[in-house]
Each structure stands twice: as C-alpha cells, then as structure tokens.
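Here is a short briefing on one protein chain. Look over the sequence and the fold first, then read on.

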Amino acid sequence: MITLSDWLAAQNVDARLASVMTSMANASIEIAAVLRHAAITGQTGLAGHTNVQGEDQKALDVISNDIVLNHIRQNPEISILISEELDEAVHIENQGAYLVATDPLDGSSNLDVNVTVGTIFSILDARKGLLQPGSAQLGAGYAAYGPATSFVITFGPTAAAFTLDDQAVFVLTTERLNVPAASAEYAINTARERLWDDATKGYVAENVAGETGVTGKRYNMRWIGSMVADVHRILMRGGIFMYPLDSENAAKGGRLRLLYEGNPMALLVAAAGGKSTTGQQSVLDVVPTDIHQRVPVVLGSADEVARVEVWYAKG
Ligand code: AFP
C-alpha cells in the first residue's frame, strides 16, 4: 500500500506545496470522524446564522470551517484562507507563500439525510493576490465523505485518488484518474428546466431523445445534489456535470462559486483528460472579480462538453 505521504514524497513538487495537501488531508480526516458521529453527538441541524452567500449555515458547516482553519493555522507555509463560510479572506501573519480557497462542507443540504458530502479546496500562490484565474492553481482537491472517504488531488498534470483506511491513513487507490472522452451519463438539476437557456435545453433534449435522437445512443441521468459526489462519479467513470446559468441565478452569475467549487473541480477534471466550460470559455480562464463570485459550470467527458459548446456557439 502506498500512503499519501509516500506518494507526496515521490512527486516532483516543492515539499512546502506538498505540505498544504497534507494539511487538507488531515483536516478531511478530522471532518470525516465528526460526520460519522454527528447524528449521535447531536451536531446536525442549523447553526442559527447565515453565511456571506445568504445561506443558513449548518452546525457542521461551521465545525468543518473551524477544523480547516485550525489545520491551516498550524502550517507555516499557508498565509491566506478563503472560505465559503467566511465573509473575508483570513490573512495569517508571518506565514508562507500559499493561499487556500475552500468549501469546507459542500452539499450540506444532504447532511441530515446521510448522503455523500465533501470538502473542496484550491491552492494558489498567495503573493499573486486573492483574485487569480483557475489556470494559476498550483494544486486542488476534495475529500468525499461517502461509504468510504476518498481524497482526490492534483498538482496539474495528473489526478490521483486515495481512500481512508481503518488506521485513518489515506492509501493510494487510483494513481492516474482518466475521464473517458465519450459518455452517456449526464448530471443536471432537471427541476430547473423551465429556467434553462436554449443551449442547455437543446443539449438535454438530445440526451432525452436517446437512441431515437441525433446522438443515436441511450443516456442516463444522475443528480445527487452534492457537487463532490457528482464530480467524483465523473472522475471515476466519466459523464458530464452541469450547473448552467439560468434565468433565476443569472443575476448572481450562476449557482456555484468559482474559487472553491468551479476552479478546483475544473483543474481535477482537466488533469484527468476532461474539459470544462461556462458556455463562453473554459472555467479555468475566468478572471475573478470577487472571492465569492459565482459562475456557470459544465465539466466532464470532453466529447459531451464539446457538444454543449456547440449549442452555445449556435447563440
Ligand atoms: P449546499 O452546499 O448548499 O448543499 O449546495 C450544494 C451545491 O453547491 C453543490 O454541491 C450542488 O451541486 C448544488 O449546490 C445543488 O444544487 P440544487 O440544490 O439546485 O440541486
């Protein structure tokens, strides 16, 4: 068994950057332990206040954020934390060159029903400021808290997956993730169809037409409502994930957050051979104007993302 620390030591990356991955792995192990017993220890339900997005914070959102912040503070290489649960970026005095942007607990609306949730993070050079495009990421990853706890990471060229063992150690389970170009599986919240733009309606209608339609193949749909769980499935077996701009979220720029949802997932998918788009450009090319900025996100198997791009190009 190759452990995460063995694997990191063997990568051709700066040991200080590798230590940031270790900090996020340790935070994820602690969060996994809290989640496993939350219903017993009564740590479920609302925290009683809202975050900068105007969303009701879950008690576990706040607990997970505190755990991540604690591990970040313990690593002298990290000097800035941006979190979905914190209005402003946290600047840690006299610390190193790295910035971490994170969604400490993604999919929290699924928490009380024991569905997979996760922690998503992006690593950047703190000296280059808070607002950098996804293409500037030095690394990214997520933990998925499901039947098993997975830890999926990249430093750019490739993406690898680890699984938590009974000794609370991440061991390597997939050295090189590969998102197949072709797929017949798509993920979108179809309850929003009336709000979709024509490109999304056109693409989904072709899938629904299945064998009788222009694609000539039968498609299947999956929607878990936790981006981590939906994207993990795509990194393991392909498919496309879509949270496009629609008439209801357009005023906010979309639903998902660029810095700590769109960018890290787009980098992981690209490292595994997939693609991403906002409909207008690669998610990784969007230049942020705000740390909590939202963005349309379409990502996954390259052939499917290309079909979506064709629909948007029709204008
Ligand atoms: P929460 O963290 O508020 O549950 O939101 C989860 C999420 O940001 C992302 O993980 C899902 O893909 C998406 O929202 C689910 O959105 P719908 O509620 O529209 O299905």
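This is a predicted model: local features need pLDDT of at least 70, side-chain atom pairs count only at pLDDT 80 or more; totals for chains, interfaces and linings use all residues.

Residues are numbered from 1 along each chain as its sequence is written, and side-chain values use heavy atoms, with hydrogens and water left out.

**Overall build**

- The protein chain has seven helices and 17 strands. Both are DSSP runs numbered from the N terminus: helices are H or I with at least four residues, strands are E with at least two.
- The radius of gyration, taken over C-alpha atoms, is 19 Å.
- Along the principal axes, the C-alpha atoms fill a box of roughly 55 × 45 × 40 Å.
- Contact means heavy atoms within 4.5 Å. Among contacts between residues at least 6 apart in sequence, 63% join residues at least 24 apart.

**Surface and charges**

- Of the 315 residues, 56% count as buried. Buried means under 20% relative accessible area, exposed over 50%, and partly exposed in between (1.4 Å probe, protein chains only).
- The accessible surface is about 13,000 Å², and carbon and sulfur atoms hold 51% of that. Areas come from the Shrake-Rupley method with a 1.4 Å probe.
- There are 22 positive and 35 negative side chains. Lys and Arg count as positive, Asp and Glu as negative; His and the chain ends are not counted.
- The centres of the two charge sets lie 6 Å apart. Each charge is placed at NZ of Lys, CZ of Arg, CG of Asp or CD of Glu.

**The sheet**

- Strands of a sheet pair through backbone hydrogen bonds, either parallel or antiparallel.
- Eight strands form an open sheet with mixed pairing, in the order β4-β3-β5-β6-β7-β8-β9-β10.
- β4 (90-91) and β10 stand at the edges with a single partner strand each, so one side of each has no neighbour in the sheet. Two strands pair if DSSP finds at least two bridges between them.
- β5 and β6 run antiparallel and are joined by seven bridges. Val100 stands opposite Ile123 in β6.

**Two loop residues**

- Asn114 sits in the loop between β5 (98-106) and β6 (117-125). Its phi is positive, about 55 degrees, although Asn114 is not a glycine. Asn114 counts as exposed, at 74% relative accessibility.
- Ala168 lies in the loop between β9 (159-164) and β10 (170-174). Its phi is also positive, near 55 degrees, in a residue other than glycine. Ala168 counts as partly exposed, at 37% relative accessibility.

Conventions:
The radius of gyration is taken over C-alpha atoms; the globule rule is 2.2 Å times the number of residues to the power 0.38.
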